Amino acid sequence: MTFNAAPIHADIAALLPRLRRFARTITYHREDADDLVQVAVERALMRSEQWEAGTRLDSWIFRIMKNAWIDEIRTRVRRDHLFAPEAEGEHVGDDYAEAHQQRMAIQKAISLLSEDHRIVIGLVLVDGLPYKEAAEVLEIPMGTLTSRLARAREALQGLLSDQTRSLP
Amino acid sequence: MSKFSDDILMAFADGELDEATRQAVQQAMRSDPAIAAAVARHQALRSDVFGAYAGTLDEAVPQRLQLAASAPKVVQLDAVRAARQHKTEPRRWAWPEWGAIAATLVLGVAAGSIGVQGLQGDTQLALVAGKDGALMARGKLAKALSAQLASAAPAQGQVRIGLSFVSKQGSYCRSFMLAGAAGLACRDGDEWKIPVLAESAQGAPGDYRQAGSALPPAVLEAIDQRIAGAALDAKAEQAAQRGGWRR
């Protein structure tokens, strides 16, 4: 083991806001999101010797987080615990600003996407990772990444225009 | 519609095109309103989605996550514990990871099959499976647990003692690190029983300065479950050591 423990802690701590944002994109609940971040950080620290210095730490932890979430989803499906996405936007009062309602509408639409689509949207559109890094996080070829991203956008676009149409 | 596929227009909106293609798309956008509209749609979706989550970055990061990212220092253990106790909601999902790993390591040691990374040589010699299957400290680990104070700065490869405390069962317990492993030892008669032992990611062999600063969550958890009151301070630790760790 040649890694130095201290710097990776500081680097991971600096990533926490981005990790929370990504988690918020791919999970359904705030609590799930922070639980997921905690699990990913703990796993990353436990396996920190597997991280190759010089490669992107953010991509590595995103990958750990993605895998942890997929595992969790599978477990919940097995236990029949997969609850429907919380329709956060519906609990929001009418006096909220229009911008806020739009953000809620987008979050809701994203929560209705498939796992694969939510994750790719979270990586590229929310976090802003370049295609190459996003493909590495997902461990898929670039071509698969771009076609998945295109399909995810299409699905999201569709959900958003459905929402608009269903407005009174 | 045009010679550009929608994937290309999407990649344009995402800033992923090489310079030549980018310029070609830009030119096409000027001459073909349909292309311009398609690009604008991709760009708008990108910025809307980005904006929907941007607020998360400005939120204060919960303390439990900051603690998870920082190596929990032994001196901060009380703070970790307090944070845990104040947590209103237990974790909604329980990954079995830590418990399973600790159990695996313990089984590996007990069975004498030391194939687990981080548990070699020194650790093997320092532990033995007792009559009831529990792990007991032996050799230099047992010696260090009985004699060494937490303030000691041990040489490379030696046992490092973390904190000492009185357990809810009324016996003394001490955390320790040795050769890439960390664990908890609790006094049982004249011996030290090891209820938990885990690989220590930070405990690079030879790097004793850092090795002392972090305990794996499994060990922290075990301390958490057992500790009654606060950890012993240096004076109380010394007194307990002089008293042979009997209560």
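Predicted model: local features only at pLDDT ≥ 70, side-chain atom pairs only at ≥ 80, totals over all residues.
**Confidence**

The model as a whole scores ipTM 0.83 and pTM 0.55. For chain B the mean pLDDT is 74, and 67% of its residues reach 70 or more. Two stretches of chain B have pLDDT below 50, and the table lists them with their contacts beyond near neighbours in sequence.

| Stretch of chain B | pLDDT | Contacts in the model |
|---|---|---|
| Residues 88-120 | below 50 | 54 contacts |
| Residues 202-213 | under 50 | 31 contacts |

**Chain A**

Chain A has seven helices and zero strands. Read along the sequence, its pattern is α-α-α-α-α-α-α. Of the 168 residues in chain A, 38% are buried. When contacts in chain A between residues at least 6 apart in sequence are taken, 63% of them join residues at least 24 apart.

H4(A) is built from 14 residues, and the distance from its first C-alpha to its last is 20 Å. That is close to the 20 Å expected at 1.5 Å a residue. Which residues of H4(A) are buried? They are Arg103(A), Ala105(A), Ile106(A), Ala109(A), Ile110(A) and Ser111(A).

**Contact between the chains**

Chain A gives 40 residues to the contact, and chain B gives 36 residues. On the side of chain A that touches chain B, at least two residues come from each of helix H1 (5-26), helix H2 (30-46), helix H4 (98-111), helix H5 (115-126) and helix H7 (142-166). Sorted by class, this side of chain A holds 21 nonpolar, seven polar and 12 charged residues.

**Nonpolar cores**

The largest nonpolar core has 49 residues. Within this core, the residues that touch the most other members are Leu36(A), Ala40(A), Val41(A), Ile61(A), Met65(A) and Ile121(A). H2(A) provides the largest share of the core, with nine residues. Leaving out residues up to four places away in sequence, Leu36(A) touches Ala23(A), Thr27(A), Met65(A), Ala68(A) and Trp69(A). Another core, of 36 residues, lies apart from the largest one, and its members include Leu141(B), Leu163(B), Leu232(B) and Ala240(B).

How values were computed: Residues numbered from 1 in each chain as written. Chains lettered and ligands numbered in written order. pLDDT = per-residue confidence, 0-100. Contact = placed C-beta atoms within 7 Å. Helix = DSSP H or I, 4+ residues; strand = E, 2+ residues; numbered from the N terminus. Buried ≥ 20, exposed ≤ 12 C-beta atoms within 10 Å, placed from the backbone. Nonpolar A, V, L, I, M, F, W, Y, C, P; charged D, E, K, R; others polar. Expected span 1.5 Å × (residues − 1). Core = buried A, V, L, I, M, F, W, Y, C linked by C-beta atoms within 7 Å.
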